Structures are given as C-alpha cells and as structure tokens.
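Please examine the sequence and the model shown below before reading on.

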Amino acid sequence: MHAADPVDNLQTLIRCPSVTPNEGGALTALAAMLEPLGFKVSRMIAREDGTPDVENLYARLGTEGPHLMFAGHTDVVPVGDEAAWSHPPFSAQIDKGEMFGRGAVDMKGGIACFVAAVARHIEQHGAPKGSISFLITGDEEGPSINGTTKLLQWAKEQGERWDACLVGEPTNPDTLGDMIKIGRRGSVSGHITVFGMQGHAAYPHLADNAVRGIIKLTESLMYPPFDAGTENFQPSNLEVTTIDVGNVATNVVPAKATAKFNIRFNDTWTAETVRAEIVRRLDAAAADQTLRPGREALRYEITWADRPSHVFLTRDDALIQSLTAAIEKTIGRTPALSTTGGTSDARFIKDYCPVVEFGLVGQTMHMVDERVAVADLETLTAIYAQFIESWFAHAAI
C-alpha cells in the first residue's frame with residue numbers, strides 16, 4: 001500500500017502549500033490516502049463573520065465502537081524568508097537523512113505517520129474491531145475559530161462519539177519518545193488601559209503621568225507569583241507582552257498608557273478565578289500612591305481577550321498506558337507525562353473525550369529549515385501502529 005510509507009505520505013503533504021487558512025491541496029491529498037483504506041471522507045467548510053472560511057476534513061473507518069480519533073492539522077505557518085531556506089520550503093527534499101519543508105514536524109509529519117500506521121494495521125490485522133477516525137483542521141495555526149471547534153460540533157451533530165483521542169502534535173523536546181502531553185495549562189489574555197492627564201514635563205503637579213500608573217499595575221501582575229505549581233503542573237506564569245504609550249515628545253507627560261499580558265495558569269485556578277485575582281491585584285495597585293503621591297486611585301480599564309483556554313488533565317489510564325507501552329515496546333524508552341508548553345487543539349477535544357498528545361521532535365517547528373529525520377518517521381509510524389493495536393486490545397476488555 002502506498003499509504004503505508006510515511007515518507008511518501010509526508011512528501012505529498014509538504015508539497016501542498018497549505019498556509020493558514022488556505023487548504024492548498026493538503027486535505028485533498030489526505031483524502032486520496034484514506035479512501036482506498038476504506039475510510040468514508042467528509043469535507044466541511046466552516047464560516048464566521050469577520051474570519052476567513054476554513055476547509056476541514058473528517059474521515060471514519062468502521063461503524064461500531066470502541067472509537068479512536070486521531071486529530072491534527074494540515075495548515076502551516078508562513079515560511080518567512082524563503083531565500084534563507086537550504087531547500088525550497090514546499091519541496092520536501094531529503095538531504096543527509098532529513099526531510100526539509102514547512103510542516104515537516106508541525107504537524108504534517110504526525111499525520112503522515114498515523115496514516116501509515118493505520119495502513120499497516122489493516123494490512124497485517126485487517127480492519128480494527130471498532131472505528132478509527134481522522135479529525136483534521138485547516139485552522140490550528142490561525143485564529144482557531146473555524147477549525148477543530150466547529151468540526152467537532154459538526155461531527156457530533158452527525159452522531160459521532162469518541163472513546164479516546166490522540167493528537168499528533170510534536171511533543172518531544174529532544175528525542176522521539178521523550179514526552180507525552182496529558183494535559184495543558186489554561187491561558188487568559190488581557191489589555192489594560194491607564195488614564196492620566198497630559199501636561200508639561202516641567203510641571204508634573206499639573207499633570208498625571210499614565211506611565212507611572214502602568215508601571216504599578218504591570219508590576220502587581222508579575223509579583224508575587226500566582227502559585228508554586230501543583231502535583232501535575234508547573235507554576236502559573238504571567239507575562240506582560242507589550243507596554244505602549246505612543247508619545248513622541250520628551251517634554252510631554254502622556255495621558256494614556258496601555259499594556260497587554262498573558263497568563264498560563266495551572267489547576268490551582270479556573271479562567272474565572274484567575275481573572276478575579278488579576279482584577280484584585282490591579283485594584284490594589286491602582287490605590288497604591290507610591291509613584292503618584294497625593295493622587296486619587298488610578299483610573300484604568302481592562303479588556304479580556306475572547307475564548308480563554310481552560311486547564312485540563314487527562315486521567316484515562318487505558319489511553320495513557322497504551323501509548324506509553326507502545327513507546328516502551330518500540331524503542332525501549334519510558335516517556336515523561338507532561339503538561340508543559342502552550343495550548344493545542346486538545347483544549348477543545350477534551351470536552352468530547354479523553355485526549356493525549358504525542359508526535360515528532362519539535363525543535364525546528366515554525367523555523368526556517370523546518371525538518372524531520374527520515375528515521376524518526378519510520379519509528380513514529382511503528383509506535384503509532386503498536387498503539388493502535390494496544391489501545392483496541394485494552395478497549396475491548
């Protein structure tokens with residue numbers, strides 16, 4: 001079977017220039033791999049005002065349970081300076097044992113390997129005693145509005161239900177088999193505006209410098225720490241990502257200053273409680289007169305970004321143990337179970353079924369010369385194939 005070769009699969013996918021939100025032929029190529037294996041393939045276009053349309057793919061093999069989902073995305077980030085690449089970013093050229101191309105590890109490589117693993121399972125064992133599905137979006141690297149969230153809703157409306165999901169994101173920091181992601185911290189972002197009074201720098205008593213206010217507010221968000229971490233999660237951390245005044249004059253006290261921040265929070269908090277803590281800190285800092293002696297409480301506004309990501313931890317032993325055992329059996333390495341890193345589409349899938357993440361080594365994702373070791377493609381395919389066999393064996397008990 002052609003689809004049983006992860007190298008061929010990945011070269012085909014990389015050669016589709018599917019930069020978000022463009023499909024670029026990648027979903028068409030994926031459908032051509034899956035349909036000969038017996039998958040029923042559906043394509044759906046998701047729309048929302050003010051955002052680009054996004055094409056997504058859902059494919060299922062089998063009609064009965066247990067039902068295993070593989071989730072991922074074929075969209076990729078822009079290539080950056082194409083002239084800086086050693087090989088054209090959509091050529092999928094192999095050089096010294098590595099395949100170069102945008103999406104090689106994030107995450108067309110994971111998709112290519114899971115397709116190959118399914119093809120090998122069918123070749124060796126026949127169709128699984130249950131169902132396997134692919135839930136593939138074209139909007140993971142974009143705003144994530146018309147991708148996995150809408151595809152999951154659409155599939156649920158068609159009567160789809162899942163028992164477990166594997167997301168093929170590049171989870172390994174250094175070597176294949178290092179790490180399985182079993183959860184993610186939550187994420188909340190906000191925009192603060194401080195209001196002062198414009199005036200002459202030589203007459204500060206007639207003005208109210210908004211910079212003094214924004215310094216106090218942002219300092220209160222960065223110290224003290226929100227927590228010291230928990231059993232399964234590293235400490236929550238808030239980062240102020242920009243402070244802006246827009247003042248080009250050195251002798252004018254600015255009337256307004258803004259700041260943006262993002263907090264990645266652990267299971268000490270919910271999105272609601274961490275927002276409340278941030279407001280508590282800001283209110284206390286606004287009343288602090290250290291930098292503004294004799295002034296009334298600072299005037300500020302906070303605007304929250306839409307769609308916060310919620311913290312989650314997967315506790316499905318059969319799913320985690322099946323994947324861990326597959327890695328140990330294939331390469332003799334015991335992976336760490338981690339909740340580190342940023343967010344992924346697993347944050348949406350967790351509301352439908354237990355989910356874990358495991359894929360390639362992610363050291364070159366989003367970089368110029370993104371690339372993957374060809375040997376890792378074969379190894380990951382073998383791990384995925386063993387996982388499919390192990391998971392269905394566990395699920396049948």
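The paragraphs below treat helix packing and then salt bridges.

The model is predicted, so local features are given at pLDDT of at least 70 and side-chain atom pairs at pLDDT 80 or more, while totals for chains, interfaces and linings use all residues. Residues are numbered from 1 along each chain as its sequence is written, and side-chain values use heavy atoms, with hydrogens and water left out.

Let us begin with helix 1, which spans residues 6-14. Helices here are DSSP runs of H or I with at least four residues, strands are runs of E with at least two, and both are numbered from the N terminus. Seven of the nine residues of helix 1 are buried, so this helix is largely enclosed by the rest of the structure. A residue is called buried under 20% relative accessible area, exposed over 50%, and partly exposed in between, using a 1.4 Å probe and protein chains only. The buried residues of helix 1 are Pro-6, Val-7, Asn-9, Leu-10, Gln-11, Leu-13 and Ile-14. Among the elements that cover them are helix 2 (26-34), strand 5, helix 3 and helix 9; such contact means heavy atoms within 4.5 Å.

How does helix 1 pack against helix 9? The axes of helix 1 and helix 9 (residues 374-395) lie 9 Å apart, at an angle of about 115°. Axes are lines fitted to C-alpha atoms, for helices over the stretch in contact, and angles run from 0 to 180 degrees between N-to-C directions. Helix 1 and helix 9 are therefore roughly perpendicular to each other. By convention, angles under 35 degrees count as roughly parallel, over 145 as roughly antiparallel, 65 to 115 as roughly perpendicular, and the rest as oblique. In this contact, Pro-6, Val-7 and Leu-10 of helix 1 meet Val-374, Leu-377, Glu-378 and Thr-381 of helix 9. By class, the contact of helix 1 with helix 9 has five nonpolar, one polar and one charged residues. Here Ala, Val, Leu, Ile, Met, Phe, Trp, Tyr, Cys and Pro count as nonpolar, Asp, Glu, Lys and Arg as charged, and the others, Gly among them, as polar.

Helix 1 also packs against helix 3, their axes coming within 8 Å and crossing at roughly 140°. That angle makes helix 1 oblique to helix 3. The residues in contact include Leu-13 and Ile-14 of helix 1 and Ile-111 and Val-115 of helix 3. By class, this contact of helix 1 with helix 3 has nine nonpolar, two polar and two charged residues.

We now turn to charged side chains. The structure holds 17 salt bridges, each being a side-chain nitrogen of Lys or Arg within 4 Å of a carboxyl oxygen of Asp or Glu. In one of them, Glu-370 pairs with Arg-102, the closest N and O atoms being 2.8 Å apart. Glu-370 lies in the loop between strand 18 (355-357) and strand 19 (371-373), and Arg-102 in the loop between strand 5 (98-100) and helix 3 (108-125), so the pair ties together parts that are 268 residues apart in sequence. Are these two residues buried or exposed? Both Glu-370 and Arg-102 are buried.

Glu-55 and Arg-43 form another salt bridge, with closest N and O atoms 2.8 Å apart. Glu-55 belongs to strand 2 (residues 54-61) and Arg-43 to strand 1 (residues 40-46). Glu-55 is partly exposed at 24% relative accessibility, and Arg-43 is partly exposed at 35%. Glu-23, Arg-43 and Glu-55 are linked in a network of salt bridges.
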